[in-house]
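The sequence and the model are shown first.

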Amino acid sequence: MTTLLEPLRRIAAYAVCADSVGRVLLVRASERSGTPGVWSLPGGAVDHGEDPRHTVVRETAAETGLSVAVSGLDDVLADMRALPDRGITIHTDRLVYRVTVRGGTLTDRVDRPTDLARWYTLDEARELPLRSFTARALGLPASSADVVPDEAPEFPSFYAVPGPDGLHRAQRFAAYAVVTDPEGRVLLTRVSDGYPGAGCWHLPGGGTDYGEQPGAALIRELVEETGQSGRLVELLGVASHRDAASLGPEGYPIDWHGVRAFYRVVVDKPAPPTVADVGGSTCEARWFAREELGALPTDRLTEVTAEAVQAANLT
């Protein structure tokens with residue numbers, strides 16, 4: 001039973017790289033991996049505090065020998081896979097970037113989790129055993145190469161571990177919304193006392209649950225934090241922020257790394273905002289006219305909110 005496997009969670013970044021004739025770059029999992037012989041996009045786990053854009057450049061170079069430059073964000077998705085031989089189930093939040101090659105030489109690797117790197121046409125890739133997220137990223141039929149758990153295991157929403165310096169550290173993936181209504185107003189939430197950013201205005205949203213897709217998590221959080229029903233319009237970007245000694249309700253400093261996807265969401269029938277999760281990290285929700293939002297001092301907005309509002313051209 002896959003439900004008895006130990007649950008783990010990680011954030012990873014991957015490269016969709018095409019050459020001048022439309023071939024895509026893929027890497028093969030070696031015998032040292034959990035899925036030997038399966039092909040996927042180059043990429044891997046985001047280190048603590050690392051910007052995912054740097055991850056995808058670093059991992060692509062390590063797995064293929066090629067230096068790449070990030071040109072854009074394609075998709076953000078999550079999946080679970082079971083590795084019974086290792087006794088684990090992994091939930092991975094995957095950031096998929098478009099990249100271009102700057103130079104280097106395609107290189108095979110020995111005694112590493114991936115051992116081959118090759119260029120394939122989409123028709124050739126269609127015939128390979130592909131990781132499910134890779135098939136989706138390339139617009140190919142879903143692959144059955146991954147073993148999907150029977151159900152999502154129990155996993156804490158907050159998980160901190162001792163770091164190499166003795167300070168606890170936590171890495172968290174979250175989804176947030178730039179929410180507008182038909183009048184062009186913008187919906188923000190205010191951070192409760194006792195939480196990082198207390199008193200600042202923040203985007204609706206929050207951490208995703210184990211086994212949950214970012215978009216579904218976002219719509220759920222929107223209802224819980226503001227009482228609004230919204231529809232997802234587009235992915236705007238990903239923000240990566242590290243606070244080396246964040247202090248929250250845990251009561252002790254935590255080296256905190258948040259990776260946050262933010263989306264444009266429209267509420268077609270706005271209602272007076274209500275906060276359902278009383279006593280949580282949100283104490284207030286409010287609609288702001290564009291001019292009101294533009295008049296807010298920068299220090300009244302959380303870092304991710306200021307970045308997302310700018311990306312959505314709202315001020």
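In this predicted model, β5 and β6 make a hairpin, and four residues lie between the two strands. Gly 87 sits in the turn and has a positive phi of about 75 degrees.

Strands of a sheet can pair either parallel or antiparallel, in both cases through backbone hydrogen bonds.

A further sheet is open and has three strands in the order β3-β2-β7, with antiparallel pairing. β3 (39-40) and β7 (114-120) stand at its edges; each has a single partner strand, so one side of each has no neighbour in the sheet. Strand β2, residues 24-29, is joined to β7 by six bridges. One of the residue pairs here is Leu 25 with Trp 119 in β7.

| Strand pair | Direction | Bridges |
|---|---|---|
| β2 and β7 | antiparallel | six bridges |

The domain assignment divides the protein into domain 1 (6-138) and domain 2 (170-312). Taken over C-alpha atoms, the centres of domain 1 and domain 2 are 30 Å apart. How many residues of each domain are in contact with the other? Domain 1 contributes 23 residues and domain 2 contributes 22 residues.

Between them, domain 1 and domain 2 bury about 1600 Å², and 63% of this area is on carbon and sulfur atoms. On the side of domain 1, the most area is lost by Ile 11, His 48 and Val 76, which together make up 34% of what that side buries.

Which polar links cross the interface? There are zero salt bridges between domain 1 and domain 2, but ten residue pairs are in polar contact across the interface. On the side of domain 1 that touches domain 2, the elements that give two or more residues are β1 (6-17), β5 (66-83) and β6 (88-104). By class, that side of domain 1 has 13 nonpolar residues, four polar residues and six charged residues.

How values were computed:
Residues are numbered from 1 along each chain as its sequence is written. This is a predicted model: local features need pLDDT of at least 70, side-chain atom pairs count only at pLDDT 80 or more; totals for chains, interfaces and linings use all residues. Side-chain values use heavy atoms; hydrogens and water are left out. Domain bounds come from an automatic or database domain assignment. Contact means heavy atoms within 4.5 Å. Buried area is the accessible area (1.4 Å probe) that two parts lose on being put together, summed over both. A salt bridge is a side-chain nitrogen of Lys or Arg within 4 Å of a carboxyl oxygen of Asp or Glu. A polar contact is a pair of N or O atoms within 3.5 Å; within protein, one must be able to donate a hydrogen and the other to accept it, and residues adjacent in sequence count only if both atoms are side-chain atoms. Ala, Val, Leu, Ile, Met, Phe, Trp, Tyr, Cys and Pro count as nonpolar, Asp, Glu, Lys and Arg as charged, and the others, Gly among them, as polar. Two strands pair if DSSP finds at least two bridges between them.
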